[in-house]
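Biologist: I would like to learn how to read helix packing and sheets. Please take me through them here.

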Amino acid sequence: MQNPYNITFGIEPSQYINRLSQYSEIVGEFNRDEPSSQIYLITGVRGSGKTVLLSTISNHFKENKDWIVVELNPERNMIESLAAKIYDRSINKFKFHVNEFSFSFKGFSISLSGEKQIVDVESLLETMLTYIKNKNKKVLVAVDEVSNDKEMKEFAHTFQILLRQKLPIYCLMTGLFENVKNLEDEKNLTFLYRAPKINLGPLNTIEIARKYKDTFNLNEEESVNLSKLTKGYAFAYQVLGYLLYRQENKTIDEEFLNNYDLYLKEHSYDKIWASCPKKEKDFLVALTKTNKMIEIINKISVSRGAYSSLRDRLIKKGILLSKEWGSLEFALPRFDVFIKNELTFNI
């Protein structure tokens, strides 16, 4: 049988744990006659399941005859791509009438004869969306892994204009906390501050244990122990299941843990670690030795204010977790082991 666990980012595996609360919130809001927001931002650490949730919601709306779903590459000209894809996707939903408009631009041409040609891509979007609105249809734009670059800023400005004109366009974006924060800080994009944000934390470890128990025919104690090894980290849940499925003897020994650490390192932790500035790395290194605030402050030579700032940023990034006041721990499974190995072998 095919391995039911998938370690490829962005692909929904067969052993997928639904984030029903977040899914229902976004779908429910977008389906309202008068939504309080037409944009949602999904954030979370790499491997937390942002892309899978984006794909699941996009697929839901693709099956609805009243929605046109457009997926954009944030590294290309997003405004031109949006116009081209809205037109292309609309062919399957309905046909734009001849004489409605005509337009052409680099790489794409819309030539419906009869009317004076539109010369601006934003005007084209307004024309098409007005037509779509009159047809009682809606457009969902899905953008994965946004960042603060020229293409994204241009798209955000255009999207804001379309919202002010009360056109039926909705947007669902994913991004790392730091990238979303940088985009929000851009002047004239303050509407993003008001956009609802869903930060993907750990999966339900009880549900993880149940899935492992059913898949591998384990007893409750065994499945709970496996679940604890993942700490609810979505990618770790897939990696552990993937490795266990390949192993005839369903036991966790040192060799298994070494393979588990290797997969986490190569597919996720290396990139997470590389994205951390030096002070954040110093903080994380200190945390592998003590979780006492005053000792960490002394080890990395920062003020109490700087300590709090670093701590809060690492929590928002999804690297650290504070379950109660004064507590601090790694949110990612065996990330302390990863850091210690980095210090030992990457001198």
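Modeller: Axes are lines fitted to C-alpha atoms, for helices over the stretch in contact, and angles run from 0 to 180 degrees between N-to-C directions. Helices (H or I, at least four residues) and strands (E, at least two) are DSSP runs, numbered from the N terminus. This is a predicted model: local features need pLDDT of at least 70, side-chain atom pairs count only at pLDDT 80 or more, and totals for chains, interfaces and linings use all residues. Residues are numbered from 1 along each chain as its sequence is written, and side-chain values use heavy atoms, leaving out hydrogens and water.

Biologist: At what angle do the axes of α1 and α2 cross?

Modeller: Two packed helices are described by the angle and the distance between their axes. Here α1 (residues 20-30) and α2 (residues 50-62) cross at roughly 40°, and their axes come within 11 Å.

Biologist: Which residues make the contact?

Modeller: Contact means heavy atoms within 4.5 Å. From α1 come Gln22, Tyr23, Ile26, Val27 and Phe30. From α2 come Leu53, Thr56, Ile57, His60 and Phe61.

Biologist: And the sheet: what is the strand order?

Modeller: Strands of a sheet pair through backbone hydrogen bonds, either parallel or antiparallel. Pairing needs at least two DSSP bridges between two strands. This open sheet of 5 strands runs β2-β5-β6-β1-β7, with parallel pairing. Its edge strands are β2 (67-72) and β7 (197-199).

Biologist: Which residue of β6 is the bridge partner of Leu41?

Modeller: Met173. Strands β1 (residues 39-43) and β6 (residues 169-175) pair over 5 bridges.
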